[in-house]
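Hi everyone, thanks for coming. I'd like to walk you through one structure today, so please have a look at it while I talk.

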Amino acid sequence: MLDFAFYTVWIRAVSMAKIIMYTTANCPFCVRAEALLKSKGVTEIDKVRVDLDPVRRQEMMDKTGRRTVPQIWIGETHVGGCDELHALDRAGRLAPLLATA
Ligand SMILES: N[C@@H](CCC(=O)N[C@@H](CS)C(=O)NCC(=O)O)C(=O)O
């Protein structure tokens, strides 16, 4: 039988939107963004290391028109960078976006 606490964590993890973060190795804004997401219960972030892969960096710039990291997608929504992620949270819109319908 599944332990209730484990089950609760599992349900929350599987019901969250997929998150993609374009990132680099030494990026304080990326660390800050990841910390916020984790504080909201996010357990999995698909990280794309643009410092290791110029093709993916170009892909990021083509998709966003931006060159800074992080660039964050929650599901199909391009949130933007770290500051925008925090602004979304302050507006009370991050948790609903993280939860899938
Ligand atoms: N306001 C942006 C700042 C992001 C930023 O400056 N990231 C740095 C790395 S920590 C960067 O990409 N610098 C490269 C550049 O400015 O071209 C955010 O909140 O994400």
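Let me start with the ligand: α2 (28-39) and α4 (82-90) each supply at least two residues of the shell around it. Helices here are DSSP runs of H or I with at least four residues, strands are runs of E with at least two, and both are numbered from the N terminus. Before going on, please keep in mind that this is a predicted model, where local features need pLDDT of at least 70 and side-chain atom pairs count only at pLDDT 80 or more, while totals for chains, interfaces and linings use all residues. Residues are numbered from 1 along each chain as its sequence is written.

Which residues surround the ligand? They are Cys27, Pro28, Phe29, Arg67, Thr68, Val69, Pro70, Gly81, Cys82 and Asp83, and being near means that the C-beta atom, placed from the backbone, lies within 6 Å of the molecule. By class, that shell has six nonpolar, two polar and two charged residues. For the classes, Ala, Val, Leu, Ile, Met, Phe, Trp, Tyr, Cys and Pro count as nonpolar, Asp, Glu, Lys and Arg as charged, and the others, Gly among them, as polar.

Now to the helix pair. The axes of α2 and α4 come within 9 Å and cross at roughly 25 degrees; axes are lines fitted to C-alpha atoms, for helices over the stretch in contact, with angles from 0 to 180 degrees between N-to-C directions. That makes α2 roughly parallel to α4, because angles under 35 degrees count as roughly parallel. On the α2 side, Phe29, Arg32, Ala33 and Leu36 make the contact, and on the α4 side Cys82, Leu85, His86 and Asp89 do. Contact here means C-beta atoms, placed from the backbone, within 7 Å. Those residues divide into five nonpolar, one polar and two charged.

Two more residues, then. Glu84 sits in helix α4 and counts as partly exposed, with 15 C-beta neighbours inside 10 Å. The scale is this: 20 or more other C-beta atoms within 10 Å is buried, 12 or fewer is exposed, and in between is partly exposed, with C-beta atoms placed from the backbone. The C-alpha atoms of Glu84 and Ala33 are separated by 9.5 Å, although the two are 51 residues apart along the chain. Ala25 lies in the loop between β1 (19-23) and α2, and Ala25 is exposed, with 8 other C-beta atoms within 10 Å.

Finally, the whole chain: five helices and four strands, with buried residues making up 22% of the 101 residues.

Conventions
Parallel < 35°, antiparallel > 145°, perpendicular 65-115°, else oblique. Contact = placed C-beta atoms within 7 Å.
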